[in-house]
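Hi,

Here is the structure I promised to pass along. Have a look at it first, and then read on for my notes on what turned up.

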Amino acid sequence: IDTDQPLEPPSEFIIKVQDINDNPPQFVEGPYRASVPEMSQVGTSVTRVTATDADDPVYGNSAKLVYSILEGQPYFSIDPNTAIIKIALHGMDREMREEYLVVIQAKDMGGHMGGLSGTTTVTVTLTDVNDNPPKFSKSLYEFVIPEDLGIGKQGGKVKANDRDIGDNAKSTYNIIDGDEKDIFEITTDAQTQEGILQLKKPLDFETKKSYTLKVEAANIRFDPNNGGPFKDTATVKIAVEDSDEPPVFSKPTFVLQVDENAPINKVIGTVTARDPDVTGSLVRYFIDRHTDLERQFNINVDDGEITLAKPLDRETDLWHNITVTATEISRAIVAIRVLDINDNAPEFATEYEAFLCENGKPGQVIQTVSAVDKDDPIQGHYFEYRLIPEMLNNPNFTIKNNGDNSISVLAKHDTFRRQKQEMYFLPIIVTDNGNPPMSSTNTLTIRVCGCSREGIVQSCNVEAYVLPIGLSMGALIAILACIVLLLVIVVLFVTLRRHKNKPLIIKDDEDVRENIIRYDDEGGGEEDTEAFDIATLQNPDGINGYLPRKDIKPDLQFMPRQSGGPNGVDVDEFINVRLHEADNDPTAPPYDSIQIYGYEGRGSIAGSLSSLETASSDSDQNYDYLREWGPRFRRLGELYSVGESDKET
């Protein structure tokens with residue numbers, strides 16, 4: 001009975017999956033970047049890397065990792081268990097190499113064979129420490145400073161270079177010797193790290209012409225543990241340049257006295273001034289007339305002597321205050337430049353004459369044209385080219401701007417002929433960019449010439465017109481040379497033909513041979529009527545089935561036919577008669593050509609190969625031996641064998 005009740009109570013099974021080493025270690029946080037100060041001691045910690053393994057860390061060594069360095073030795077090392085990367089080489093200098101790439105490997109199974117591995121990269125950057133002192137690029141600097149340089153103005157620059165970077169490379173400059181009078185000072189440019197030499201007091205060339213200073217550059221920051229001193233010195237020599245100083249009066253103010261009744265031109269007093277420059281130029285004196293509007297006094301320009309020009313009245317003016325100017329006598333060259341205006345029109349750079357080939361192609365560049373202008377504008381020249389209005393629809397030529405103040409003249413078609421027109425004139429307007437713009441019309445002469453296939457001009461002469469079909473002199477000479485060569489070939493051919501037709505053996509009365517036969521030539525057939533020799537048809541009849549050779553004397557004489565010469569006889573009738581006789585004579589070869597092929601040389605093993613002679617015979621000859629002669633006669637043997645089999649059938 002089906003009661004749907006369980007036969008036994010349910011059972012519980014616990015299945016434990018045992019891990020195997022099927023997961024390699026992985027660096028989840030890689031690749032890494034780390035930094036460490038340069039010149040760090042061996043063993044200094046750089047960074048730590050961490051790899052994870054998805055296998056069971058409890059069962060076996062599947063998740064037991066061991067770290068090692070694949071790349072980066074001998075600079076760095078790594079602890080195989082903690083994965084801490086450390087400095088392994090002493091004296092690692094950032095100035096020599098700043099960045100290192102280290103490849104770290106993590107391998108499970110405790111690093112034993114068969115374990116899986118994973119890798120990551122660590123980019124280690126060496127940070128800068130102040131381990132380099134500043135260094136002047138040269139030990140001696142020389143400057144020339146004019147004596148009239150203003151206070152606080154720059155007189156020169158010095159610079160000390162530091163291989164460090166950032167604050168470790170910053171320096172300060174000081175004058176440590178040679179400036180006893182405290183005339184100079186030196187400051188530091190924060191941007192360029194240069195020492196700027198400036199004036200604190202004015203210079204005087206006549207007092208002192210040169211100075212020698214000792215300048216020191218020292219780092220602002222330095223670590224005593226890194227050694228020292230972090231400073232450098234250089235010598236600065238300064239030459240004072242003499243400037244053209246104005247004359248100097250002996251006194252800033254002169255007080256003179258004169259009686260009011262003094263006569264005209266009386267000398268009142270003298271003022272003196274000198275030129276402080278080394279040259280000691282002469283001094284000239286003048287009264288500033290703005291201070292002596294009534295022109296009461298005069299002064300000698302050479303010695304500064306002041307005289308009375310008009311009578312004085314003390315009751316009117318008790319004091320007269322005038323200003324005297326002293327100047328040097330000096331000379332200067334004054335150059336006056338005449339400025340340019342646009343008063344010249346541009347024109348062609350040269351008198352162009354272009355040549356156009358008759359066999360040229362459309363769009364071919366005939367001539368490149370440029371222009372010149374006698375003016376000299378500040379912004380430079382720019383020329384505009386155009387055809388005159390009457391030539392805008394010119395069917396023969398056009399122009400193209402090259403973008404460099406030049407144009408190219410192009411042909412529009414290829415049908416130019418000297419017989420039609422020898423020369424063309426193309427007017428071109430050239431305009432400049434001046435204000436106002438100037439322009440001129442220039443004419444380009446274009447000659448039509450005969451050229452070679454390569455486009456080389458051969459002839460542009462007028463005499464070339466009379467040559468046949470417009471050929472140039474070179475082409476005509478080539479044609480004449482070809483004609484002469486052909487005539488020589490024809491003469492040689494005729495000579496050889498005549499020599500060939502002459503018999504090589506002298507005929508006698510019994511010799512029926514008339515020609516020397518060439519057996520290596522194939523007959524021309526019925527269409528070969530050239531050089532047909534009627535005497536060839538006058539061949540003696542063959543008897544007893546024997547065909548005589550024409551190149552040997554026959555053993556048997558044959559009965560001659562009734563021969564009739566062509567003299568006085570119709571040639572057509574004569575040929576028809578001979579043709580009828582030849583067709584009815586089984587022993588006669590088919591004389592349908594000037595050549596005769598019906599003979600086989602005597603002594604031949606094969607005998608005669610002619611099928612014409614044996615076509616009507618009842619010979620039982622077997623032609624199987626032809627197949628044994630080789631592939632050249634195999635086909636011939638098959639033909640004769642087929643003929644024999646057909647005859648038997």
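**Charged pairs, disulfides and a patch**

Lys231 is partly exposed, with a relative accessible area of 42%.

Before going further, please keep in mind that this is a predicted model. The chain has 649 residues, of which 32% are buried, and it contains three helices and 31 strands. Of the contacts with a separation of 6 or more, 65% are between residues 24 or more positions apart. The chain exposes about 42700 Å², and carbon and sulfur atoms supply 53% of that.

Back to the charges. Side chains of opposite charge can pair when their charged atoms come close. The structure holds 14 salt bridges, and here are some of them besides the pair above:

- Asp302 and Arg284 meet through their side chains at 3.8 Å, N to O. Asp302 lies in the loop between β20 (297–299) and β21 (305–308) and Arg284 in strand β19 (residues 283–287), so parts 18 residues apart in sequence are tied together. Asp302 is exposed, at 55% relative accessible area, while Arg284 counts as partly exposed at 29%.
- Arg447 and Glu353 form a salt bridge, also listed at 3.8 Å, N to O. Arg447 is in strand β30 and Glu353 in strand β24, so the pair ties together parts 94 residues apart in sequence. Arg447 is buried at 17% relative accessible area, whereas Glu353 is partly exposed at 39%.
- Arg94, Glu95 and Asp128 are linked in a network of salt bridges.

Which charged residue is buried yet has no salt bridge? That is Asp93, found in the loop between β5 (84–87) and β6 (99–107). The nearest side chain of opposite charge, Arg163, is 4.7 Å away from Asp93, and a salt bridge needs a nitrogen within 4 Å of a carboxyl oxygen. Leaving aside residues up to four places away in sequence, Asp93 touches Glu38, Met39, Leu126 and Asp131.

Cys357 and Cys451 form one of them, with sulfur atoms 2.0 Å apart. This pair links distant parts of the chain, 94 residues apart: Cys357 is in strand β24 (residues 353–357) and Cys451 in strand β30 (residues 439–451). The link is left-handed, with -85° about the S-S bond. Cys357 is buried at 7% relative accessible area, and Cys451 is buried at 15%.

Cys449 and Cys460 form a disulfide with sulfur atoms 1.6 Å apart. Cys449 lies in strand β30 and Cys460 in the loop between β31 (457–459) and α1, so the pair ties together parts eleven residues apart in sequence. The torsion about their S-S bond is about 115°, so this disulfide is right-handed. Both Cys449 and Cys460 are buried.

Finally, the surface. Ile479, Leu480, Ile483 and Leu487 make a nonpolar patch of about 360 Å². Ile483 is found in helix α1 (residues 473–501) and counts as partly exposed, at 43% relative accessibility.

Best wishes

Key. Residues numbered from 1 in each chain as written. Predicted model: local features only at pLDDT ≥ 70, side-chain atom pairs only at ≥ 80, totals over all residues. Heavy atoms only, no water. Patch = residues over 30% accessible without salt bridge, like charges linked within 9 Å, V, L, I, M, F, W, Y side chains within 5 Å. Areas by Shrake-Rupley, 256 points an atom, 1.4 Å probe, with all protein chains shown as cover. Helix = DSSP H or I, 4+ residues; strand = E, 2+ residues; numbered from the N terminus. Buried < 20%, exposed > 50% of the residue type's maximum accessible area, 1.4 Å probe, protein only. Disulfide = S-S within 2.5 Å. Lys, Arg positive; Asp, Glu negative; His and termini not counted. Contact = heavy atoms within 4.5 Å.
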